[in-house]
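Trainee: I've got a new one open for us. Let's go through it piece by piece, please.

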Amino acid sequence: MASVEFKGLKKYFQDVHAVDGVDIEIKDGEFLVLLGPSGSGKTTLMRLCAGLEKPTEGEIIIDNNVVNDLPPRERGIAMVFQSYALYPHKTVFKNIAFPLIVERLDKREIRKKVEWASGLLGIGHLLDRLPSQISGGEKQRVAIARALVRKPKVLLMDEPLSNLDAKVRNSARVELKKFQKEIGVTTCYVTHDQAEAMGLGDRIAVMHEGRVRQIGIPEEIYHEPADMFVAGFVGVPPMNFIDHDGVVMGFRPEAFLPAELMNDEELMKFRITVERAENLGSYKLVYGAIGEARVIANLSPRYLIRDGEDYDFAVRARDVRYFDKKSGKRIKK
């Protein structure tokens with residue numbers, strides 16, 4: 001396997017700074033997730049790594065070698081795209097084997113590698129079927145097996161689960177994390193889905209407007225956001241923000257509870273007017289206002305809240321984060 005490093009990486013398309021000075025080191029065997037909204041530069045960064053785009057500035061280093069001028073086939077990488085890109089007229093076996101056939105490997109070696117990759121992903125029983133005869137989740141596993149069969153140094157994945165329905169996507173996420181750990185391949189994974197990022201990543205790099213806003217383990221990204229963008233982007237529902245004594249005060253909806261339930265800690269209390277309550281089965285979202293600021297609370301569905309009434313809510317002081325109003329950056333207090 002191999003480490004990957006981006007040093008001062010930039011990619012400009014005329015006046016558009018798609019990637020604008022990115023510095024990231026992906027450790028050998030690490031699962032790094034690039035998380036951000038559409039247009040944040042995450043897919044462009046992956047395409048630069050794969051050799052599908054040339055950088056405007058900076059270096060791409062794979063396995064301690066600068067690969068800026070190397071073609072994709074010489075970088076030791078494999079890429080899985082959002083679309084499955086399977087050959088409809090070829091069996092699952094031939095789809096997985098295709099890159100090995102192109103390399104003209106011995107037939108016995110090809111079968112051995114295909115059986116290894118398909119067994120790892122639990123699709124060995126599908127080898128004789130056509131893509132039209134298998135499910136969307138199985139097609140995605142075939143695409144991943146095709147990438148793995150060459151045993152690449154680095155695996156690049158661009159939103160590979162986005163075409164799956166919610167139930168299949170959740171199970172596929174578990175399987176993906178499991179086999180990545182089993183084979184230990186260095187993986188860079190692009191997504192706009194924060195649940196995927198939190199569930200899959202050893203570390204997460206949050207991107208916005210071509211730059212990395214924060215990089216860290218999932219718990220750090222969620223609980224200790226570096227700025228208001230990260231705080232507002234990561235988390236469903238997003239962090240609440242209130243102007244308070246010249247700064248912006250932020251706190252998570254699950255930390256914002258009726259004051260009567262919180263009487264044993266240092267608290268910050270607020271009177272809110274409830275605009276709407278949504279009972280979503282396992283939890284209830286309460287939408288309200290503190291002055292002109294809109295806030296959301298995440299409560300137990302058993303707690304009775306009526307629309308249009310005022311309630312006293314509170315948040316523990318240790319759960320509050322502060323941000324500079326102008327720059328949006330985190331202020332330590």
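Trainee: Which residue follows α2, and is its phi positive or negative?
Mentor: That's R104, and its phi is positive, near 60°. Helices (H or I, at least four residues) and strands (E, at least two) are DSSP runs, numbered from the N terminus.

Trainee: Okay, and what am I looking at here, a predicted model or something else?
Mentor: It's a predicted model: local features need pLDDT of at least 70 and side-chain atom pairs count only at pLDDT 80 or more, while totals for chains, interfaces and linings use all residues. Residues are numbered from 1 along each chain as its sequence is written, and side-chain values use heavy atoms, with hydrogens and water left out.

Trainee: Back to α2. Which of its residues are buried?
Mentor: In α2, residues 92-102, those are V92, F93, N95, I96, A97, P99 and L100. Buried means under 20% relative accessible area, exposed is over 50%, and partly exposed is in between (1.4 Å probe, protein chains only).

Trainee: What covers them?
Mentor: The cover includes α3 (107-120) and α4 (136-148).

Trainee: How many bridges join β1 and β4?
Mentor: Five, in the antiparallel sense. For V4, the bridge partner in β4 is I62.

Trainee: And how many between β4 and β5?
Mentor: Two, and those strands also run antiparallel. I62 stands opposite N65 in β5, while I61 has V66 as its bridge partner there. β4 and β5 make a hairpin with two residues between them, and D63 in the turn has a positive phi of about 55°.

Trainee: Last one, α5. How far does it reach?
Mentor: Its 18 residues, 166-183, span 26 Å from first C-alpha to last, close to the 26 Å expected. The expected span is 1.5 Å times one less than the number of residues.

Trainee: Which residues in α5 are buried?
Mentor: R169, A172, R173, L176, K177, F179, Q180 and I183. Just after α5, G184 takes a positive phi of about 70°.

Note on methods:
Pairing = 2+ DSSP bridges. Contact = heavy atoms within 4.5 Å.
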